[in-house]
Amino acid sequence: MSYLDNKTAIPGTILFDGQQSRKGYGLNKMCFSFNQESARTAFIDNERRYCEKFNLSEGQIIAIEERDILSLLEQGGSIYYLAKFAGLLGKNMQDIGALQTGLTLAEFKQKLLKAGE
Amino acid sequence: MAKIIGAIGSSHIPAVGMAIAKQLQQEPYWKSFFDGHQPLWNWLNTNKPDVAIVFYNDHGLEFFLDKKPTFSIGAAEQYISYDEGWGLATIAPIQGDPDLSWHICNSLVEDEFDISICQELGVDHGLTVPMQLMFPGDPNYAGIKVIPVVINCELHPMPSLKRCYNLGQAIARAVESYDKDLKVVVLGTGGLSHQLDGQAAGRINKKFDLMLLDYLVKDPEYLFKYSIRDMIEAAGAQAVEFNMWMGMRGALPGKVEQLHLNYSVPISNTGAGTMLLSNT
């Protein structure tokens, strides 16, 4: 019996398990490549062509084009690899936090401060 | 004989590495966090450990999803930090102790911990930020040799708190059966509460963090009751990094005394703990 057998959703959270990892394999593999500067340059040069090289689905390519982190997570993205995509866009994890929660950056930072009180 | 002389709990938040690069240590946001390391620096300077065993998790630098070991041990001459893709400066190479690494690996497998053995291991902020925090501005890290212990914290299923604690205990048994006179410090890096992904991004739970730190010192086995899912529900998807602290605590034999604790929240998106433990 695994803790993963509990299928009750955790609010606002997608567990990155085998199912997600299979769905997002190409997407995450592309983001993993962004550890290399040459890969980042190739992506910027032609995003769609670079995505197709890693066999991303059309839905994943659209989410990449729209910088839609929540959609990428739903489609199998792992935050550890998406962080490299975010970095390529010049965004840090607080920017990404704000994007995902629909808050401004200032509001997101305020939320963190409040949680720490 | 080799002896474990103490343990350190440390954050490995990338923003800390960024702050070090920009020399922001005395800015109001960062001051209490960085100043909270002074007792660790004093202790390291006084006790001069020869080896640091560092429990950390890789964040998609060395390991990809093609092969994802649950537990891995570095057995390299040195460990290199690489570009992680988002602008964190790399640090000077870190020296390993392959003789001790292999001794630990041999002992662990005999002890039924079937780890992956890594003769090359690129290291990311999970290991480099703690090195920068322990040895600020020192590209030789006071001559310490490092043995990385990498725990999967990225792909479910992840090992339980109990399993990580038991791994730490097995590592301690290995160290204490090593015939060279070495002083060894154990580091647990990462955590505490945080969630980077999803609509619940920004989840922090100060009360839970403080409870974890309290029981980690006085009764770590009490914490076995928390499943990985419990950790996520209480303190965020990446709170599972607390497993590194469980490994560290398991590796500390004997009677344990807390010499220092600092808790800063939030640092970036995270509850950040700094802990120093000694054992007798």
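**Second largest cavity.** I began with the lining of the second largest cavity, whose residues divide into three nonpolar, three polar and one charged. Here Ala, Val, Leu, Ile, Met, Phe, Trp, Tyr, Cys and Pro count as nonpolar, Asp, Glu, Lys and Arg as charged, and the others, Gly among them, as polar. I found S81(B), Y82(B), E84(B), L88(B), A89(B), T90(B) and T128(B) lining it, around a volume of about 30 Å³. A cavity is a set of points, on a 1 Å grid over the protein atoms alone, where a 1.4 Å probe fits but cannot get out, and lining residues have an atom within 4 Å of a point. Points are joined across faces, edges and corners, and the volume is the space filled by probe spheres set on them.

**A note on the model.** It is a predicted model, with pLDDT of at least 70 needed for local features and 80 or more for side-chain atom pairs, while totals for chains, interfaces and linings use all residues. Residues are numbered from 1 along each chain as its sequence is written, chains are lettered from A in the order in which they are written, and side-chain values use heavy atoms, without hydrogens and water.

**Largest cavity.** My search of the whole structure gave two cavities of 30 Å³ or more. The largest has a volume of about 60 Å³. Its lining includes F63(B), K68(B), C153(B) and E154(B), and by class it has five nonpolar, two polar and three charged residues.

**Largest pocket.** Next I looked up the largest pocket (an open set with protein on both sides within 12 Å along at least five of seven lines). Its volume is about 880 Å³. I counted 38 lining residues, with N92(A), M93(A), P14(B), A15(B) and S268(B) nearest its centre. The largest share of the lining, six residues, comes from α7(A); helices are DSSP runs of H or I, at least four residues, and strands are runs of E, at least two, numbered from the N terminus.

**Chain B against chain A.** I then turned to the interface, where 41 residues of chain B are in contact (heavy atoms within 4.5 Å) with 45 residues of chain A. The two chains bury about 3700 Å² between them, 59% of it on carbon and sulfur atoms; this is the accessible area (1.4 Å probe) lost on being put together, summed over both. In chain B, F64(B), H156(B) and R229(B) lose the most area to chain A.

**Salt bridge.** I found one salt bridge between the chains, with D83(B) and R40(A) having their closest N and O atoms 2.8 Å apart. The cut-off is a Lys or Arg side-chain nitrogen within 4 Å of an Asp or Glu carboxyl oxygen.
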